[in-house]
Amino acid sequence: MTHGHRKRGRRKNGNQEMTTTGHCLCTKTRWEFSGSPTWSCYCHCDNCRRNCAAPVVGWMGVPLAAFRWTGDAPRTFQSSQGVFRHFCADCGSPMGFEAEHYSGDMQLYAASLADPGAFAPEFHVNYKSKLPWLTLADELPKYDGTLLHVSTSLNDQRA
Ligand SMILES: [Zn+2]
Ligand SMILES: [Zn+2]
């Protein structure tokens, strides 16, 4: 790269479309996507929480067509029927989520961004499952249901 000026884990390609990169803890498993995420949110559900052993998980959705794995291929765990969680085969870091009910999307763990500070969450889902000891002061919309419900209401707002 002769003139690539990388900043905050993002760079422009020839089409002036932003490329965003991410990686696992050991850096062997990597991903990148072009353009912007379709949505960004926090999930408070117990599955995401256990998957990351974290009190809340930040997510971004990107179209599969704009996404690719780089570096080593991840391993995949089917966490429930039709739900696939990808993780680094070496260090175990959660890396991505695909589900039959969200076909066409790759969902990415925001904390695996090359620059996690660039994440811009827009809302919360599964807020009814928020841990009582986790205190949040943001004023983002908080949905008790899953992303599927939010997608419907977001589409309603945009219609
Ligand atoms: Zn790794
Ligand atoms: Zn979740």
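This briefing walks through the confidence of the model and then its sheet. The structure is a predicted model, in which local features need pLDDT of at least 70 and side-chain atom pairs count only at pLDDT 80 or more, while totals for chains, interfaces and linings use all residues. Residues are numbered from 1 along each chain as its sequence is written, and chains are lettered from A and ligands numbered from 1 in the order in which they are written.

**Confidence**
- The protein chain has a mean pLDDT (the predictor's confidence in each residue, from 0 to 100) of 87, and 82% of its residues reach 70 or more.
- Residues 1-8 have a pLDDT below 50, and beyond near neighbours in sequence this stretch has 4 contacts (C-beta atoms, placed from the backbone, within 7 Å) in the model.
- Where pLDDT is low, the predicted coordinates should not be read in detail.

**Strand partners**
- β7 and β8 (residues 83-87) run antiparallel, joined by 5 bridges; Thr 76 has His 86 in β8 as its bridge partner.
- Between these strands the hairpin has 2 residues, and Gly 82 takes a positive phi near 80°.
- β8 also pairs with β9 (residues 94-99), in the antiparallel sense over 5 bridges, and Arg 85 has Phe 97 in β9 as its bridge partner.
- β5 (residues 57-63) and β10 (residues 105-109) pair in the antiparallel sense over 5 bridges, and Trp 59 stands opposite Tyr 109 in β10.

Conventions. Contact = placed C-beta atoms within 7 Å. Pairing = 2+ DSSP bridges. Helix = DSSP H or I, 4+ residues; strand = E, 2+ residues; numbered from the N terminus.
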